Amino acid sequence: MKTRELCEKAWQEIASHFLDFKVIKKGQTLKKISKNKDLTFEIYFQTSRYNYSCSAEFSVHFSIHSKSMTKTNMNNGFIYGGELESLIDGGRVFRWFPLTDASYQYSVNEIIELLKKYILPICEDFEDAKTNIKNILNRDAKSIALFYYIYFFDGKDRAEQYLNKFINQSNLKKRFKGLYNSLENVAKESIDINVSEFLGANTIKFAYLNRIKIEE
C-alpha cells in the first residue's frame, strides 16, 4: 500500500469514530459546526514530508474558528488550537504518529482515545461561551489567542484580566511589558497590529490601541 493510501486508511478509520464531524479530503480534515452555527471545530491530519515507501507518519492538529469574529477581522476568526500534544500538555514537543507495520493500529487507537478524551470536551465547552469564558478565567492562561475570544464575546474587562494573567505566567513577560510601555512613545497611526516582531507582539499592540491596561 502506498504511503498516502495508508494515511488515508488511518484517517478514515479515525473518522468513523466521530460521526458528528464531516469528513473532507478523504479523511484528512474533520469539521463540525457549533449549535449556534458560528464556530467551526476542525481536526486536521498533517503528513510528514519525510514519508516514503517504508515509513509513514502524520501529526494531529485541532482548531476553532468563529464566523462572526472573521467578519469583523478579529484575529482572522481564530479562537484556539494547535498541534494535539501541545494542547494536551504545553510542555510536550511536536509529535508524529507512525503507521508502519505494528505501529498502525496502536497509533490509530491512541489518536481516537486522545481525541475523545481531550478534544471532544473542548468542543462541548465552547458551545456555551459565557460558562466557558468563566472557566477559562479560573484556569492557567495558556493561549494568547483566547484573549481575542474573551474580548469579542465577553468584553474588555474580562479580556484585560486574562491577558494580564497570560503575561505574568509567560517566559516573555518582560518583553511583553517592555513592548507595551514603548508604544507610549509611538504615534498610534504608525502601530501596525499585522506585524509581529515576536510571538504575541501583535496582541500587545492590539491591547494598547484598545486601551487595555497591562499591569506593571
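Is R95 buried or exposed, or does R95 fall in between? R95 is partly exposed, because its relative accessible area is 23%, and the terms are used here so that buried means under 20% relative accessible area, exposed means over 50%, and partly exposed means in between (1.4 Å probe, protein chains only). The views below come from a predicted model, in which local features need pLDDT of at least 70 and side-chain atom pairs count only at pLDDT 80 or more, while totals for chains, interfaces and linings use all residues. Residues are numbered from 1 along each chain as its sequence is written, and side-chain values use heavy atoms, with hydrogens and water left out.

**View 1. The salt bridge between E110 and R95.**
A salt bridge here is a side-chain nitrogen of Lys or Arg within 4 Å of a carboxyl oxygen of Asp or Glu. In the bridge between E110 and R95, the closest N and O atoms are 2.6 Å apart. E110 lies in helix α4 (residues 103–125) and R95 in the loop between α3 (84–88) and β6 (97–98), so the pair ties together parts that are 15 residues apart in sequence. Helices (H or I, at least four residues) and strands (E, at least two) are DSSP runs, numbered from the N terminus. E110 counts as buried because its relative accessibility is 18%.

**View 2. The salt bridge between E42 and K31.**
The structure holds six salt bridges, and one of them joins the side chains of E42 and K31, at 3.6 Å from N to O. This pair links distant parts of the chain, since E42 belongs to strand β3 (residues 39–47) and K31 to strand β2 (residues 29–33), eleven residues apart. E42 counts as partly exposed because its relative accessibility is 21%, and K31 counts as partly exposed because its relative accessibility is 32%.

**View 3. The salt bridge between K205 and E197.**
K205 forms a salt bridge with E197, and the closest N and O atoms are 2.9 Å apart. K205 is buried, because its relative accessible area is 5%.

**View 4. Strand β4 and its partners.**
Eight of the ten residues of strand β4 (residues 57–66) are buried, so this strand is largely enclosed by the rest of the structure. Two strands pair if DSSP finds at least two bridges between them. Nine bridges join β4 to β3, and these two strands run antiparallel; T47 stands opposite F58 in β4. Five bridges join β4 to strand β5 (residues 78–83), again in an antiparallel arrangement, with H65 standing opposite F78 in β5. Two bridges join β4 to β6, which also run antiparallel, and the bridge partner of E57 in β6 is P98.

**View 5. Helix α6 and its surroundings.**
In α6, the residues L146, F147, Y148, Y149 and I150 are buried. The buried residues of α6 pack against α2 (67–71), β5, α5, α7 (156–168) and α9 (201–209), where contact means heavy atoms within 4.5 Å. After α6 comes G155, whose phi is positive, near 95 degrees.

**View 6. The loop residue R139.**
R139 lies in the loop between α5 (129–137) and α6 (146–154). R139 counts as partly exposed because its relative accessibility is 44%. The C-alpha atoms of R139 and K165 are separated by 9.7 Å, although the two residues are 26 residues apart along the chain.
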